[in-house]
Amino acid sequence: ATALDHGFAGVIALASIDGVVAGMALLSIGNNPDVATPYASLDDLIVHPDYRGAGIGRQLIAWLEQQMLARGITRLFLESGEGNHDAHRFFQAQGFRPVSVVMMKELHHE
């Protein structure tokens, strides 16, 4: 894990096939002692289009889960765009479930 300036640690996982990067995942580890249950956030999961459907994403998530459990982290969060239904189905098949609503407001100078 690499410490980042804002109090989080990060993990980058790479999957390669024959020397080619087939997928990667970026995960942030929460570093807040006031939180009762340690958590991590899956910030990004990317699988090269040529390797989609081969189980790369599933394997990356499984590896990250084991890494987090070894660190005593028992919750993994992620955020996915509202209309990204393929990603939602994929993550739900990996055991993720909706637990909150994330809202955004575009800010403009007047």
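Student: Is Phe91 buried or exposed?

Tutor: Phe91 counts as buried, because its relative accessibility is 13% and buried means under 20% relative accessible area, while exposed means over 50% and partly exposed lies in between, all with a 1.4 Å probe and protein chains only. This is a predicted model, in which local features need pLDDT of at least 70 and side-chain atom pairs count only at pLDDT 80 or more, whereas totals for chains, interfaces and linings use all residues. Residues are numbered from 1 along each chain as its sequence is written, and side-chain values use heavy atoms, with hydrogens and water left out.

Student: And what about Phe90, how exposed is that one?

Tutor: Phe90 is partly exposed, with a relative accessible area of 27%.

Student: How many aromatic pairs are there in the whole structure?

Tutor: A search of the whole structure gives 3 aromatic pairs, where rings of Phe, Tyr and Trp (its six-membered ring) pair if their centres lie within 6.5 Å, and planes under 30 degrees apart count as stacked, over 60 as edge-to-face and the rest as tilted. One of them joins Phe90 and Phe91, whose ring centres are 5.2 Å apart and whose planes meet at 70°, so this pair is edge-to-face. Phe91 also pairs edge-to-face with Phe96, at 5.6 Å centre to centre and 75° between the planes. Phe90, Phe91 and Phe96 form one aromatic cluster, and within it both Phe91 and Phe96 are buried.

Student: Which way do strand 2 and strand 3 run relative to each other?

Tutor: Strand 2 (residues 9-17) and strand 3 (residues 20-29) run antiparallel and are joined by 9 bridges, and two strands pair if DSSP finds at least two bridges between them. Ala15, for instance, has Gly23 in strand 3 as its bridge partner. The hairpin of these strands has 2 residues between them, and Asp18 takes a positive phi near 50° there.

Student: Which residues have the most contacts inside the largest nonpolar core?

Tutor: They are Leu27, Leu64 and Met68, in a core of 19 residues; a nonpolar core is a set of buried Ala, Val, Leu, Ile, Met, Phe, Trp, Tyr and Cys residues joined through side-chain atoms within 4.5 Å. Strand 2, strand 3, strand 4, helix 1 (56-70) and helix 2 (85-93) each supply at least two residues of this core, and the largest share, 5 residues, comes from helix 1.

Student: And what does Leu64 touch, if we skip its sequence neighbours?

Tutor: Leaving aside neighbours within four places in sequence, Leu64 is in contact (heavy atoms within 4.5 Å) with Val11, Ala13, Ala25, Leu27 and Leu42.

Terms used. Helix = DSSP H or I, 4+ residues; strand = E, 2+ residues; numbered from the N terminus.
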